[in-house]
Amino acid sequence: ASLWEEAKKKGDGEIKRMIDSALERTTVTVVFIGAQTAGRKLINYEIEKSIARGNGLLGVQVNHLKDRNGNTDLVGA
């Protein structure tokens, strides 16, 4: 979390570099799909970079999983 918070302070370019670095030496990208995933600022960037690398993509819907209070979320876009 601290690396993510530091990258956010430095802007989108730093976050993109962090994503690019995280994708190195990967062959599959897993995207957890929740109610707000489609609206996340750089989710499309991560998916597009994964496709450009030739990574397989696996989407996992998580809206049906219960939170600590037993609530579930709406299906995401």
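## Salt-bridge exercises

In this predicted model, where local features need pLDDT of at least 70, side-chain atom pairs count only at pLDDT 80 or more, and totals use all residues, Lys 8 and Glu 5 join their side chains in a salt bridge at 3.6 Å, N to O. Numbering starts from 1 along each chain as its sequence is written, and side-chain values use heavy atoms, with hydrogens and water left out.

**Exercise 1.** Find where Lys 8 and Glu 5 lie, and classify the accessibility of Lys 8 and Glu 5.

*Solution.*
1. A salt bridge is a side-chain nitrogen of Lys or Arg within 4 Å of a carboxyl oxygen of Asp or Glu.
2. Both residues sit in helix H1 (residues 2-10), 3 residues apart, about one turn of the helix. Helices are DSSP runs (H or I, at least four residues), strands likewise (E, at least two), numbered from the N terminus.
3. Buried means under 20% relative accessible area, exposed over 50%, partly exposed in between, with a 1.4 Å probe and protein chains only.
4. Lys 8, at 41%, is therefore partly exposed, and Glu 5 is too, at 38%.

**Exercise 2.** Locate the two partners of the salt bridge between Lys 41 and Asp 12.

*Solution.*
1. The closest N and O atoms of Lys 41 and Asp 12 are 3.1 Å apart.
2. This pair links distant parts of the chain, 29 residues apart: Lys 41 is in the loop between strand E1 (28-33) and helix H3 (43-53), while Asp 12 is in helix H2 (residues 12-23).
3. With 66% relative accessible area, Lys 41 is exposed; Asp 12, at 30%, is partly exposed.
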